[in-house]
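Reader: I've got a protein model open and want to learn about its charged pairs. Can we go through it together?

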Amino acid sequence: MTTDRDQQPVKPANQRGAARLAAVQALYQMDIGGTGVLEIVAEYEMHRLGQELDGDTYLKADASWFRSIVSGVVRDQRLLDPMIGAALQDDWALSRLDSTVRAILRAGTFELKERKDVPVAVIVTEYVEIAKAFFEDDEPKLVNAVLDRIARQLRPDTRK
């Protein structure tokens, strides 16, 4: 027996959300492999965003949003990292964080700084959800706390 809830159509993936996830993956890949921004953006746009790769189908993503995040993080990393470092607990250095967590925090901080047209709650929630996709324990809580602190600093007039 099926209920009305079982028959509801599945909501299509949020293309900006998919772009955020792809941006985090690309930033991680750049951090680990030393790949350049132009090379990584081209690879993702040609082979990953909305494409099938090794039997996996990647979600259709907003390519310009993806490009904006990746290139913006690379361009502004010298500004973003001190903001993230200041928002971490006193005994934690950014370099001690997992590479994926660093990528999430850099992308989220970039959006909080640059994308004033996107509500703080949307940005923080999206990046916490990305953290939950990779981690089960404390990392999503850390992402939430750090991005919330940064949001209060960058957008003091906005409530989460």
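Reader: Which residues are linked in a network of salt bridges?

Author: A salt bridge here is a side-chain nitrogen of Lys or Arg within 4 Å of a carboxyl oxygen of Asp or Glu. Side chains of opposite charge can pair when their charged atoms come close. The residues linked in such a network are Arg75, Asp76, Lys113 and Glu114.

Reader: What sort of model is this, and what pLDDT do local features need?

Author: It's a predicted model in which side-chain atom pairs count only at pLDDT 80 or more, while totals for chains, interfaces and linings use all residues, and local features need pLDDT of at least 70. Residues are numbered from 1 along each chain as its sequence is written, and side-chain values use heavy atoms, with hydrogens and water left out.

Reader: How far apart are the closest N and O atoms of aspartate 31 and arginine 102?

Author: Aspartate 31 sits in helix α2 and arginine 102 in helix α5, 71 residues apart, so the pair links distant parts of the chain; helices are DSSP runs (H or I, at least four residues), numbered from the N terminus. These two form a salt bridge, and the closest N and O atoms are apart by 2.7 Å.

Reader: Is arginine 102 buried or exposed?

Author: Buried means under 20% relative accessible area, exposed over 50%, and partly exposed in between (1.4 Å probe, protein chains only). Aspartate 31 has 35%, so that residue is partly exposed. Arginine 102 has a relative accessible area of 11%, which means it's buried.

Conventions: Helix = DSSP H or I, 4+ residues; strand = E, 2+ residues; numbered from the N terminus.
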